[in-house]
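Here are my notes on the model, as numbered points.

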Amino acid sequence: MSIYKIHHITKYRYDRIVKENTNQIKIFPFPNKEQEILSHELHITDEPIIQKFYDYWGNATAYFTVNQPHQELIIDSRLIVKSQQKEINESLSTIADWNQLNSYIHNDIILFDYAQKEIIKQQAVIENIIQMIDFKSKSPLQAVKEATQYIFENYKYVKGITTVETTVDEIIELKSGVCQDFAHLLLQILRNQHIPARYVSGYICPNKNGMRGEGATHAWVDVYLPNVGWIGIDPTNNCYANQNHIQLAVGRDFNDCTPIKGTFKGPANQELLVYVSVGYEDGSVFEDENTVQLYKETPASAPILPIQNQQQ
Amino acid sequence: MHTVTLNLYRMLLDKYQTRTNFWDEMALPNGEKRSHYQAIFNKLNSIDLDVINRKEEIARKMFMNQGITFTIYSGDEGIERIFPFDIIPRIITGAEWQIIERGTAQRLKALNLFLQDVYHNQNIIKDGIIPLNIVATCPHYNREVFGINVPFNIYVHIAGIDIVRDSDGEYYVLEDNLRTPSGVSYMMENRDVTKSIFPELMSEYNVRRVSDYPLELKKILVSLAPKQNQNPCIVILTPGIFNSAYYEHTFLARYMGVELVEGRDLVVDNHTVYMKTTNGLKRVDVIYRRVDDEYLDPLVFNPNSLLGVPGLLAAYRKGNVAIVNALGNGVADDKAIYSYVPDMIRYYLNESPILKNVPTYKMENLEERQYVFDNMHKMVVKKTNESGGYGMLMGESATSEEIEQFKNAILKEPRSYIAQPTIKISTVPCYMNGKLVPRHVDLRPYALFGPDGFKLVSGGLTRVALKENSLVVNSSQGGGSKDTWIID
Amino acid sequence: MLSRIADSLFWMNRYVERAEGMLRMLKINYETSLDKSDNENYDWIAVLNIFTYLDEAEKNKIKDDTQAVLKYIITDKYNENSIRNIITKARENARGLQDHITREVWESINEYYLRLNNNRIDELLDSNQQAYAISSLIEQSLYYYGVLEVTMPRGEGWNFMGLGKNIERALQTADIVDTKFHDINYDLNNPMDIPYWKNLLLSISGYEFYLKTYPTGLQTQNVLDMILMNTNFPRSILYSIRKISYIINKIAIDNTEGEKTLLRIIGKLKSKIEYSDLETISHIGLHQFLEEVRDELYKFNNELSKIYFAYH
């Protein structure tokens with residue numbers, strides 16, 4: 001069992017004044033047995049009123065709007081969470097379970113969604129991996145572990161060559177990526193074998209173990225297995241999700257879990273700064289900071305005539 | 001001299017030739033006229049063709065002057081066209097209408113219960129009436145609105161149910177339109193035109209009124225407003241002037257006396273919707289939207305949409321604004337779900353369906369697919385997520401190349417297609433180039449559903465395939481319309 | 001009233017007013033261009049300077065070609081500021097105003113649009129019927145104003161329409177004066193006689209009024225006096241500004257900061273012209289004076305948009 005203090009700041013800066021900034025956030029700990037929220041404070045520029053609800057996938061989600069003209073938006077989340085590792089009894093998953101998967105999927109509409117594979121160009125590559133691991137010759141859990149290991153061993157962890165929009169096809173071509181890409185790839189492999197699997201976004205609290213991950217924000221995969229239930233598995237670190245993995249949101253893919261997304265009005269370029277620090281019980285702190293340049297496209301037909309003479 | 005021409009004209013009218021094996025609504029196969037058409041037939045026979053031609057010209061001018069147009073897009077230029085109008089009203093007897101009325105009411109009640117169920121407990125899936133995969137793979141199953149409660153549990157406030165008559169005269173439901181059915185302005189304008197060209201016939205027949213529609217609709221909209229408001233602000237949300245149904249949006253705004261707004265006129269603040277006026281922000285309580293779900297809130301749906309309002313869904317979820325029709329209705333008028341509507345009626349209402357469904361073959365089912373592939377020329381194949389006559393194959397008239405194309409497309413994405421046997425839809429008399437000729441029609445009556453109950457407007461939009469022998473009535477495919485009389 | 005509706009009413013009228021001013025200018029210049037004996041060196045450069053954004057080379061290329069100039073300014077699809085495009089924009093505004101304007105207003109603007117968009121107008125401009133082409137378009141705008149006057153209800157919308165028309169008119173008059181006086185180096189003591197000014201006066205429908213009102217004196221100064229500040233002449237700058245002031249005093253009744261600014265701008269501008277005489281104008285320079293008038297009008301327009309039309 002561990003206690004973490006996580007400080008997550010998201011800061012948008014706009015080079016010109018913007019207004020009507022509307023946002024949806026999914027940065028609340030996912031409700032499950034392994035993590036207990038000791039406290040959670042959320043501060044947003046101008047303290048707009050937020051409305052919280054649970055989305056289709058069970059994620060706590062909130063909306064807020066900042067309408068008055070502004071050039072900066074800060075979302076500051078301070079979380080203290082107690083986390084423990086889920087006990088996994090590997091022997092509960094047996095080769096006989098493959099037959100049960102189908103009835104699971106067809107009796108639960110959400111599991112059905114989680115078992116739907118994408119149609120991709122590089123289908124042959126996925127099938128190859130499945131064949132190599134020889135899924136059906138072992139227990140589903142064993143197969144999942146080997147697929148995870150396969151990605152860990154054959155895909156390079158490289159920051160900066162992929163984005164949130166990178167497709168599975170592109171990941172296969174690059175043979176590298178970051179946690180989010182590995183999660184997407186693993187999902188595609190497992191779903192090809194009708195294993196319900198979901199994308200997980202969250203934090204990883206790296207300390208002595210020296211885990212890989214893009215800073216402290218992280219992504220991995222949950223699989224649903226007969227007799228076992230949901231378990232987390234992390235292809236970036238080739239391990240089960242453990243007490244260092246703090247779960248925020250789940251869904252079919254990144255899009256269902258996007259921690260923060262928004263729209264605003266105004267012809268401005270925006271810059272995004274994400275800062276996450278993790279404090280440990282022993283007082284040590286891990287810090288991580290990222291700046292991303294985001295551009296909003298300016299309208300295609302810029303006015304040719306002086307502004308005062310044309311309707312805007 | 002004059003009498004001679006008149007007789008010649010009369011002969012042209014007399015020679016009304018029905019199509020064999022089709023139900024004609026005016027004439028029996030032996031040429032005899034059904035009683036409810038007798039008076040209008042006699043009338044047409046008694047007046048000079050010049051007079052009829054003049055009436056036709058008056059009708060055309062009325063549509064032109066009133067700017068009743070729809071937009072057709074080719075390339076980047078939109079062209080405004082008049083919706084072709086045939087001057088001869090279609091007549092449906094009160095007795096027949098009663099069947100349609102009861103049938104649509106029953107159907108809508110069931111569809112509404114289905115929507116409430118599918119976005120909450122999903123009992124119909126759990127009880128095995130509708131397979132879960134049919135719902136989960138429906139592109140209009142809107143996961144973002146799951147669990148949202150809507151006022152009075154009403155999802156379908158306005159429905160357009162497309163109905164046809166088969167060769168035995170029986171009515172079939174072809175399609176349920178539960179999202180943003182259009183055409184109601186044509187129904188009303190058609191009636192206005194008929195009033196000015198056939199006033200004497202109108203009074204001879206006892207024709208039921210259609211003009212109450214805007215006020216009935218407004219009554220429902222008012223009743224949906226969040227409780228704290230005595231004098232609710234109601235708006236119609238339009239995609240804007242380039243939308244093909246823009247005329248109708250302005251028509252409804254005018255006749256309901258409500259504001260016509262675009263997405264950019266609205267803003268959400270603290271989960272409440274406001275419109276931007278010259279006096280500042282004004283709260284909006286009810287939105288009759290003519291914008292599709294996926295463009296309604298760029299924050300949640302299509303992020304590139306400029307038509308919607310960011311944050312609208314949050315206000316809707318909180319119950320601070322009512323949206324008509326509800327979001328997510330597409331799951332109930334999906335063409336693959338359609339085949340389950342009779343089951344829904346039995347499941348939710350414990351009644352047997354009054355109006356029949358057209359048999360529908362599901363393309364994921366191997367046996368059904370094979371049957372369809374073996375009988376392509378007898379089938380109409382439809383894309384499940386398209387409407388307006390797009391993405392459709394009429395097997396009867398398709399080339400073997402087109403048939404092959406469709407087969408390949410079906411094999412690629414079986415869930416996206418359904419097939420139905422070609423319905424021999426009925427004909428009614430149309431006036432064309434001095435002759436009375438049979439043309440195929442369907443019927444779209446408009447139903448309103450509010451806290452006070454169900455109401456079917458006594459009338460509807462009859463769409464007519466103007467091309468000889470054509471069975472496709474969609475305006476985008478060369479269809480026109482007719483005034484539709486329900487008589488007592 | 002919706003901000004977008006107010007904005008559309010304002011711009012619909014601005015655009016129709018702009019088209020009308022341009023057409024009048026074209027008509028007079030066309031007639032002048034025919035009087036070869038008086039105007040051996042007549043070319044279209046002055047007109048091109050006011051109404052187009054062509055560069056010097058492009059202007060020089062067509063300045064002697066009446067047909068090319070007329071077609072460019074009236075019907076050219078690719079000229080943002082052609083009458084066809086201006087009226088198309090006016091009509092687009094009108095389309096979005098269907099439930100706020102009368103059917104007659106819609107029909108008149110639609111007819112205007114149709115006249116510019118059928119081939120007939122190009123045929124007239126290609127044959128020797130240019131004068132007829134221009135006159136028929138001017139009639140179209142007169143018809144529009146007549147229909148407005150007779151059918152449109154008075155009220156908020158009417159007021160915004162009035163602002164659009166008068167702002168456009170004042171700006172256009174300032175432009176025309178500037179160009180014409182530029183040719184005589186802004187010398188208010190220049191002894192140019194009536195034939196020189198006739199063209200200008202005709203183009204703003206003020207020739208007969210001028211002859212009746214200013215029987216004696218230095219023509220150059222009389223002309224300027226009439227166009228700048230004769231309050232009986234409906235196209236004088238002062239007349240338009242008084243109208244604007246009258247209307248905005250009816251609209252801006254909430255006494256907000258923005259409205260105070262609007263009233264201040266127009267009040268200052270009105271006094272500036274009312275209390276100027278030719279001597280002071282001559283002292284700061286006519287061009288400078290006109291620049292200041294335009295700047296104030298632009299400022300007024302911008303504030304107006306910010307306060308009443310802010311829906312973007």
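1. In this predicted model, chain B has an open sheet of three strands, ordered β8-β9-β10, with antiparallel pairing. The edge positions belong to β8 (266-269) and β10 (280-283) of chain B; each has a single partner strand, so one side of each is left without a neighbour in the sheet. On average, and with direction ignored, neighbouring strands of this sheet are turned by 45° against each other.

2. The pairing of β9 (residues 272-277) of chain B with β10(B) is antiparallel and runs over four bridges. Which residue of β10(B) is the bridge partner of Thr277(B)? The partner is Gly280(B).

3. Chain B also holds an open sheet of four strands in the order β14-β17-β15-β16, again with antiparallel pairing. Here β14 (361-362) and β16 (392-394) of chain B are the edge strands; each has a single partner strand, so one side of each lacks a neighbour in the sheet. Strand β15 (residues 379-383) of chain B runs antiparallel to β16(B), and three bridges join the two. In this pair, Val380(B) is opposite Met394(B) of β16(B).

4. Chain B touches chain A through 21 residues of chain B and 16 residues of chain A. On the chain B side, α6 (132-136), β8 and α12 (312-317) each supply at least two residues. The largest share of that side, four residues, comes from α6(B). By class, the chain B residues that touch chain A are 12 nonpolar, five polar and four charged.

5. The contact between chain B and chain C takes 16 residues from each of the two chains. The elements of chain B that each supply at least two residues to it are α10 (246-256), β7 (259-261) and β9. The chain B side that touches chain C divides into five nonpolar, five polar and six charged residues. Strand β9(B) supplies residues here and also pairs with β10(B).

6. Chain A is assigned two domains: domain 1 (2-83 + 259-294) and domain 2 (90-257). Their centres, taken over C-alpha atoms, are separated by 25 Å. The contact between them involves 22 residues of domain 1 and 17 residues of domain 2 of chain A. On the domain 1 side, β1 (2-25), β5 (70-83), β14 (270-279) and β15 (285-294) of chain A are the elements that give two or more residues. That side has 13 nonpolar, seven polar and two charged residues.

7. The assignment for chain C gives domain 1 (1-153) and domain 2 (155-312). Over C-alpha atoms, the centres of these two domains are separated by 21 Å. In the contact, 23 residues of domain 1 meet 25 residues of domain 2 of chain C. How many residues does α1(C) give to the domain 1 side? Its share is 16 residues, the largest on that side. By class, the domain 1 side has 11 nonpolar, six polar and six charged residues.

8. Helix α10 (residues 194-203) of chain C has Trp197(C), Leu200(C) and Ser203(C) as its buried residues. Seen down the axis of α10(C), these fall within an arc of 120°, so they line one face of the helix. An α-helix has 3.6 residues a turn, so residues three or four places apart point the same way. The buried residues of α10(C) pack against α1, α9 (156-182) and α12 (219-229) of chain C. After α10(C) comes Ser205(C), with a positive phi near 55°.

9. Gln130(C) is in helix α8 (residues 130-151) of chain C. Is Gln130(C) buried or exposed? Gln130(C) counts as buried because it has 21 C-beta neighbours inside 10 Å, against a cut-off of 20 or more. Neighbours within four places in sequence aside, Gln130(C) is in contact with Tyr30(C), Leu70(C), Leu124(C) and Leu125(C). Tyr207(C) is 77 residues apart from Gln130(C) along the chain, and their C-alpha atoms are separated by 22 Å.

Technical notes:
Residues numbered from 1 in each chain as written. Chains lettered and ligands numbered in written order. Predicted model: local features only at pLDDT ≥ 70, side-chain atom pairs only at ≥ 80, totals over all residues. Domains from an automatic or database assignment. Contact = placed C-beta atoms within 7 Å. Nonpolar A, V, L, I, M, F, W, Y, C, P; charged D, E, K, R; others polar. Pairing = 2+ DSSP bridges. Axes fitted to C-alpha atoms, helices over the stretch in contact; angles between N-to-C directions. Buried ≥ 20, exposed ≤ 12 C-beta atoms within 10 Å, placed from the backbone. Arc of directions from axis to C-beta.
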